[in-house]
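Here are my notes on the model you sent over. Have the structure open as you go through them.

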Amino acid sequence: MTDGVTEVAAAKLGLKIDPSLPVIPKNYLDPGEPADQLSIKGDKEWDLTPGIARTNVPTHDRKVRFEDYPIEYAELIWAYSWLCMNFDHSCVATNLAAVPPARVRREAKRLLRYLRFMKNRGVGLANIRDSDNDAWMALFRGQSHPSRVRASSVPKRLHIYRDYLDVDMPAEGPWRDREANEVLGKREQTFVNTTNRVPRSIMDPMLRWALLYVDVAFEDVLRIARGDRASVIRPTTGCACIPGTNVSWRSDKHRDRFRYEQIHLFVTAAYIVTAYLSGMRDCEVQAIRRGSARVKRDEEGNPYRHSIVSMAFKRQHVRGVIEEWVVLPEVHRALERVEKISDLMRELEPRFFEWPDSDLLFRRYSNVRTSVAAITIQINQWLRAFEKHATLLASDAIAR
């Protein structure tokens with residue numbers, strides 16, 4: 001990037017914004033993070049991974065490539081993105097806060113949308129009025145209150161960052177004499193979580209098939225992963241049966257479904273068991289690492305308490321905090337068997353463990369073409385694939 005932003009800021013405020021400054025604020029970094037390996041403000045591409053503690057953040061949200069933006073906006077988006085993270089928001093009278101690294105790319109895309117919207121209206125940033133910003137907010141009418149808040153933050157941030165940006169903007173901030181409700185609309189009153197739960201008619205069969213994978217299919221999955229060709233060529237031979245039937249859980253229709261697909265399905269099944277029976281959020285389940293299971297035993301050695309240690313992510317703890325969840329024995333069993341799958345895959349395909357976070361239990365073992373081995377948002381696709389696979393197995397069992 002050029003340092004035009006630096007020159008403008010210096011001229012306006014008598015300050016020097018050094019392009020060599022690290023991009024990620026210190027409070028988002030581990031104490032021992034090597035400073036010489038961090039992206040700096042002047043880079044054309046920022047790698048924000050060191051500032052992102054959640055393992056389920058997808059790769060595309062970990063990097064910001066300013067060459068991907070139209071050249072007419074790239075300089076502004078570059079400076080705006082840095083300020084979103086590094087500006088001291090406590091020094092201005094606003095309810096805006098610093099943007100965490102995991103959200104910066106989305107903020108940059110939102111700014112680009114705003115700039116294009118105003119250009120289409122034929123309005124330059126120097127001439128934007130409340131009526132223009134009202135038109136912008138009308139795009140988000142009917143969306144959730146948080147979505148409307150994020151949309152309104154764009155003109156507000158542009159105003160408080162204006163002295164650091166190479167653009168002319170009105171001296172007065174947006175909606176200066178307006179109440180928040182007038183801009184955002186009335187906030188929905190939600191005293192409890194109103195998110196619809198997955199219906200029992202769907203979740204119960206899904207859990208039963210997930211438990212079948214964990215409890216019944218496990219040894220077969222190991223055998224398939226080892227490359228036992230007999231189990232691939234003649235899948236019904238020696239494979240476990242669906243409980244209560246004489247039907248193998250695999251059939252000739254699935255002869256092409258081996259190795260990575262079976263690993264993929266097993267990891268998904270273990271994820272379903274863990275998430276549903278523990279109450280952990282997706283980011284907490286995907287943060288579970290090898291050796292996270294804990295068992296307390298009585299004097300006779302009998303287990304009486306099963307728990308999991310993982311990371312919880314809260315607003316006041318940007319790097320996450322270690323917490324413990326008490327769980328059912330079935331969850332432990334799922335985790336123990338995922339660890340055994342991991343052991344086998346490490347033996348068979350050590351290249352899959354050259355990536356960061358190789359000790360994550362819920363991770364990919366194929367198509368790992370990025371620096372993130374975690375499943376991330378692909379878990380949605382994995383769950384849909386497991387549902388289709390379980391439906392196929394059930395239909396085949398009925399047919400036989």
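1. The charged end of Lys 41 sits over the ring of Trp 82, 5.4 Å from its centre. To count as sitting over a ring, NZ of Lys or CZ of Arg has to be within 6 Å of the ring centre and within 35 degrees of the ring normal.

2. Some ground rules before going on. This is a predicted model, in which local features need pLDDT of at least 70 and side-chain atom pairs count only at pLDDT 80 or more, while totals for chains, interfaces and linings use all residues. Residues are numbered from 1 along each chain as its sequence is written, and side-chain values use heavy atoms, with hydrogens and water left out.

3. Now the overall picture. The protein has 13 helices and five strands; these are DSSP runs numbered from the N terminus, with helices being H or I of at least four residues and strands E of at least two. Of its 400 residues, 44% count as buried, where buried means under 20% relative accessible area, exposed over 50% and partly exposed in between, using a 1.4 Å probe and protein chains only. Among contacts (heavy atoms within 4.5 Å) between residues at least 6 apart in sequence, 61% join residues at least 24 apart.

4. How many aromatic pairs does a search of the whole structure find? It finds 13. One of them is Tyr 271 with Phe 362, edge-to-face at 5.8 Å centre to centre and 90° between the planes. Rings of Phe, Tyr and Trp (its six-membered ring) pair if their centres lie within 6.5 Å; planes under 30 degrees apart are stacked, over 60 edge-to-face and the rest tilted. Tyr 271 is in helix 10 (residues 260-278) and Phe 362 in the loop between helix 12 (329-348) and helix 13 (379-399), so this pair ties together parts 91 residues apart in sequence. Tyr 271 is buried at 8% relative accessibility, and Phe 362 is buried at 0%.

5. Phe 353 and Tyr 365 have ring centres 6.0 Å apart and planes at 45°, so that pair is tilted. Both residues come from the loop between helix 12 and helix 13, twelve residues apart. Phe 353 is buried at 9%, and Tyr 365 at 4%. Elsewhere, ring pairs link Tyr 80, Phe 87, Tyr 161 and Tyr 164 into a cluster.

6. Helix 10 packs on helix 13 at an angle of about 100°, with axes 10 Å apart. Axes here are lines fitted to C-alpha atoms, for helices over the stretch in contact, and angles run from 0 to 180 degrees between N-to-C directions. That makes helix 10 roughly perpendicular to helix 13 (65 to 115 degrees; under 35 is roughly parallel, over 145 roughly antiparallel, the rest oblique).

7. Two backbone spots to look at. Trp 175 has a phi near 55°, a positive value in a residue other than glycine; Trp 175 lies in the loop between helix 5 and helix 6 and is buried at 5%. Thr 376 also has a positive phi near 55°, sits in the loop between helix 12 and helix 13 and is buried at 5%. Most residues other than glycine have a negative phi.
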